[in-house]
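Please go through the model below, beginning with the ligand and moving on to a sheet and a pair of helices.

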Amino acid sequence: MATATRPRADRPPHRSVLLRTGDILRQVAAYGFGSLLERGERWRSKSKVSPEKTGGESRWVRVRLLLESLGPTFVKMGQMFSNRPDLLPEELLIELRKLQDKVPGFSFDLVKAVLEDHYGRPLDEVFVSFEEVPAASASVAQVHLARLADGRRVAVKVLRPGIESLVATDLEILAHVGPWFERLILRSDVLDTRAIIQEFSRNLMKELDFRQEALHLERFGVLFAGDQEILVPKVHHSLSGSRVLVMDFVDGLHPLDWAGYARVGLDRKEVAGRGVRLLLKQIFIHGFFHADPHPGNLIIVPDGRICFLDFGLMGQLPSRHREKLEQMLLAVSQGNPTALAAALLSLGNQGIPADPQAFEDDVEALLAGVSHVPLHRIDVTDFLEQAVSLLLTHRLSLPSNLYLLVKALLTIEGFGRMLDPDFDLVSVLEPFLKASMASRMDPLKAGSRGADSLLGYLSLAADLPAEIRSTLQQVRQGRLKLEFQGDDLEKILHKADKISNRLAFSLIVTGGLLASSLALQSKIPPLWNDIPVIAIVGFMGSFLLGFALLISIWRSGRF
Ligand SMILES: Nc1ncnc2c1ncn2[C@@H]1O[C@H](COP(=O)(O)OP(=O)(O)O)[C@@H](O)[C@H]1O
Ligand SMILES: [Mg+2]
């Protein structure tokens, strides 16, 4: 089996970058944004519309059409920015959310070529049957159904040929136009566009490597082993590689297939709740979540289980972020602006706002908007979006995994609403919050966690009001417990052992030298050339020991 993968071009050739740049500029002009290129005008200003491809559409619609025509890199870029109300105008966001990669599928001949190149043998030796018409196709990949010799039905996901070099070229161009893009479009000067584009590039290149997706799927399978609500398809590793992913075919319904639900006797509302609960489990329990759970990436199995597909991009939520997110939602449910301000701040990347008082006032206003609404009627995703926007206003930014999280929550809430118009996220969220609250009340757990989060607040003590200060008081009064990580302690003990051994060693050497010097003064027989043999032996022994000690110190690099 050929498992070797061709080396990926890190930097695309200069010529293809130039050609592609020309192509992009032509399309930018064709969609009516030519004047932007000529005069570097602001995005919002009136641009002359060339009649060719604009068809009288609004500027924002044209942006979407342009991105779609530019291909997968730009479509993904647009999708990534579609949940950044803090950066882009609302009209543009609405359009970006409609972005689709509408490209014709690639031919079966190409599919066959990619697969035979990968397997190193004819396709019919690998699969007993292979459906030539794709089950689905998008700009990055195409999925075909096939059957293995043992009768298993599998889904074969094939990477579009040439996509890697196209994306690499586009990313190279994007890296150059990033600063221009920043000046032209983005509202905020807080963000480091270069860093955003770098992260985007890294993620996108990873998405183009199906080995990554296979790993994600496998990890997901382990995390959800034994869960009766989810189905995680098995990956066939021996048949998969960087350009091919083979997994068990999942036979089920499209999530919006109402007639199908009636046929197999499933209740839409239950499915909605289950889908959302599964995403919340991923976020709050495993800290590893599907970043794009839209209906196209879900299959409803007739027995009621839900299958997530498309694991190219996953979000990770480290436990400290998970905890702060919970604190934030708890603060909302308790209507406590101070706790909310503190939680928001501790979530942010950059510490303390320039004007903490104004920040707190804004948080209070944000909370006032929801404080009279019963918990189950709060629109959590809307609230999270506002909170993110508020952080940006105060020049604080969030770690990027949290943007992914907001996006995933928005997407799954949309899924819930499509299935059940009365769906409310909070009713599903509440049990998760209660469970986390209960574990926080657990004194053993609370003690060890308190250290991290309370210390985080110390720097804000001067500006935050009484409640937090009283908590700090408790910390100072000695209720703070620090916990050693077991393996750290092990290391420290090992070091201490080493230190004491070395000290003991050097004492023995010194003792030996002193004793030998004393023996030298005496005339204790036997003598050799008038020197007591015992002194000679003592000196040589001490010298050897001392030398060994020196070598060991020298080798450790600490002298
Ligand atoms: N294991 C599978 N079983 C059944 N259908 C699948 C499977 N994997 C993919 N598909 C179908 O192929 C489509 C595209 O797969 P996906 O992994 O989402 O690729 P893309 O990255 O192109 O969106 C899915 O929406 C689904 O209809
Ligand atoms: Mg998909």
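How do the residues of the shell around ligand 1 divide into nonpolar, polar and charged? There are 13 nonpolar, two polar and two charged residues, where Ala, Val, Leu, Ile, Met, Phe, Trp, Tyr, Cys and Pro count as nonpolar, Asp, Glu, Lys and Arg as charged, and the others, Gly among them, as polar. This is a predicted model, in which local features need pLDDT of at least 70 and side-chain atom pairs count only at pLDDT 80 or more, while totals for chains, interfaces and linings use all residues. Residues are numbered from 1 along each chain as its sequence is written, and chains are lettered from A and ligands numbered from 1 in the order in which they are written.

Of the 17 residues around ligand 1, A136, A138, V143, A155 and D310 come nearest (a residue is near if its C-beta atom, placed from the backbone, lies within 6 Å of the molecule). Strand 3 (141-147) and strand 4 (153-159) are the elements giving two or more residues to this shell; helices (H or I, at least four residues) and strands (E, at least two) are DSSP runs, numbered from the N terminus.

An open sheet has three strands in the order 5-9-8, with mixed pairing (strands pair if DSSP finds at least two bridges between them). Strand 5 runs parallel to strand 9 (residues 306-308), joined by two bridges, and I230 has I306 as its bridge partner in strand 9.

Helix 3 (residues 59-70) and helix 4 (residues 72-81) pack at about 140°, with axes 5 Å apart; axes are lines fitted to C-alpha atoms, for helices over the stretch in contact, and angles run from 0 to 180 degrees between N-to-C directions. Helix 3 is therefore oblique to helix 4, since angles under 35 degrees count as roughly parallel, over 145 as roughly antiparallel, 65 to 115 as roughly perpendicular and the rest as oblique. L67, E68 and L70 in helix 3 meet F74, V75 and G78 in helix 4 (C-beta atoms, placed from the backbone, within 7 Å).

Technical notes:
Two residues are in contact if their C-beta atoms, placed from the backbone, lie within 7 Å.
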